[in-house]
Amino acid sequence: MTSYMNLKCPRCGNEARGFEYACPKCGSGLEAQYDLEAAKGRLDKASLGSKKARSMWRYAELLPPKPENIVSLGEGFTPLIRSERIGESLGLSNLMLKLDFANPTGSFKDRGASVMISMAKQLGFKEAVLDSSGNAASSISAYSARLGIECFIFVPDYASEGKLMQSSAYGAKAFKIRGTRGDAYKAANYAKRRFGWYYCGFQTNPFAIEGPKTIAFEILEQLDWAAPDWIVFPVGTGSGLLGIYKGLWEMKGLGLIERFPALACVQPEGCCPIAGALKGGSDEIKPIERPETIAEGLMIGAPLNGQRVIKAVKDTGGVGEIASDAEILRAGAELASLEGLFVEPSAAASLAGARKLVEEGTVDSDDVIVCVLTGSGLKTKTPYGDLSKIPTLSPVEEELEAAVKRIGLGRF
Ligand SMILES: [Zn+2]
């Protein structure tokens, strides 16, 4: 049972009658609104304790589709584990890692895709469209396949074919558009208007942030409703962080938490329009013309919802943080070699940001800090180690002994 009511404009308060991408009165993006009073009796600590759903749909009361329209691959309710070795090396006693790369297609985008495609079913759409070649495209393609609708992907013509492999496997039809990322966006929106396709862009589909909102629900439930001091999140479009922020308000509305964690928005040095503004004490987003970073998922030079992200971070007493590619690479290598977690650079950015917050004295050593690891390393082409250093040996004792000695294992 959902307590979803309608889409409401956060700027002018106008309530949309049906489905709209933007407020017909003022053009602002819309937000899903729920009857929290009705949800109160159905979504509480006791009822959650007995729920069978081990996915984000255990919070179905606060997600928009009717139960019969849910399109799910079992996304969400990902593990929250304590960092053993990295936390210790940073002098942190409570560094927690949210393994959101353990979602069906390998990224947190599955949460938003599951909600958006569920709503495609509810609203009767037969075609989904979006402009992306990365994790978002993979997620929307997978859930479209699950529902059995067409999925169209628009990418700039320079996008590498490797990135389209996963969505192509799910049966998506891709178009390469001559020009920039912005031109792909234009083409996707033309198709939306011309053919009436359902636009699943994470920046403008009003249901996109309803998925990542459940990251906040899960962290709170997994920490037994004691809000952490910090949630550190890597930001590209901002849909993840905005979702978490909305989720916190809804948990407060249900009386499940009192205090908010501070939200830290981490961006790479080569594309930090939001974190740069936050660090500089400004509310103004200066678009980045040519983003350049190994954190490909965070290369959004002109995030449409940048202002909303700044407001969310400030409201929680949070901060913006910037990490260089070298710092991101180090974090990715450490997550893999010290914790056994292989994530993509865009995800490692959250740990890189957390390290800087420690070094700058922004976080305390006993703070409870949750770094969200948003995407799997299995799709990345960025090597964390130097593969050229792997020795080639003949299968004889002498060569093996010499090679092991070179590695420097003292006991041999
Ligand atoms: Zn409005």
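**Helix packing and sheets**

Reply: Helix H8 (residues 213–222) packs against helix H9 (residues 239–253) at an angle of about 55°, with the axes 6 Å apart. Helices (H or I, at least four residues) and strands (E, at least two) are DSSP runs, numbered from the N terminus. This is a predicted model, in which local features need pLDDT of at least 70, side-chain atom pairs count only at pLDDT 80 or more, and totals for chains, interfaces and linings use all residues. Residues are numbered from 1 along each chain as its sequence is written, and side-chain values use heavy atoms, with hydrogens and water left out.

Me: How is the relation of H8 and H9 described?

Reply: Two packed helices are described by the angle between their axes and the distance between the axes. Axes are lines fitted to C-alpha atoms, for helices over the stretch in contact, and angles run from 0 to 180 degrees between N-to-C directions. Angles under 35 degrees count as roughly parallel, over 145 as roughly antiparallel, 65 to 115 as roughly perpendicular and the rest as oblique. H8 and H9 are therefore oblique to each other.

Me: Which residues in H8 meet H9?

Reply: Contact means heavy atoms within 4.5 Å. On the H8 side are Lys213, Ile215, Ala216, Phe217 and Leu220, which meet Gly243, Ile244, Lys246, Gly247, Leu248, Glu250 and Met251 in H9.

Me: What is the order of the strands in the open sheet of 4 strands?

Reply: Strands of a sheet pair through backbone hydrogen bonds, either parallel or antiparallel. Two strands pair if DSSP finds at least two bridges between them. Here the order is E7-E6-E5-E8, with parallel pairing. Strand E7 (173–177) and strand E8 (198–199) each have a single partner strand, so one side of each lacks a neighbour in the sheet. Between strand E5 (residues 127–131) and strand E6 (residues 150–156) there are 5 bridges, and Ala128 stands opposite Cys151 in E6. Helix H5 (residues 135–147) lies across E5 and E6, at about 165° to E6.

Me: Is strand E12 largely enclosed or largely open?

Reply: Buried means under 20% relative accessible area, exposed over 50%, and partly exposed in between (1.4 Å probe, protein chains only). In strand E12 (residues 368–373), 5 of the 6 residues are buried, so the strand is largely enclosed by the rest of the structure. Strand E4 (residues 94–99) pairs with E12 in the parallel sense over 6 bridges, with Leu97 opposite Cys371. Strand E9 (residues 230–234) also pairs with E12 in the parallel sense, over 3 bridges, and there Ile231 stands opposite Val370.
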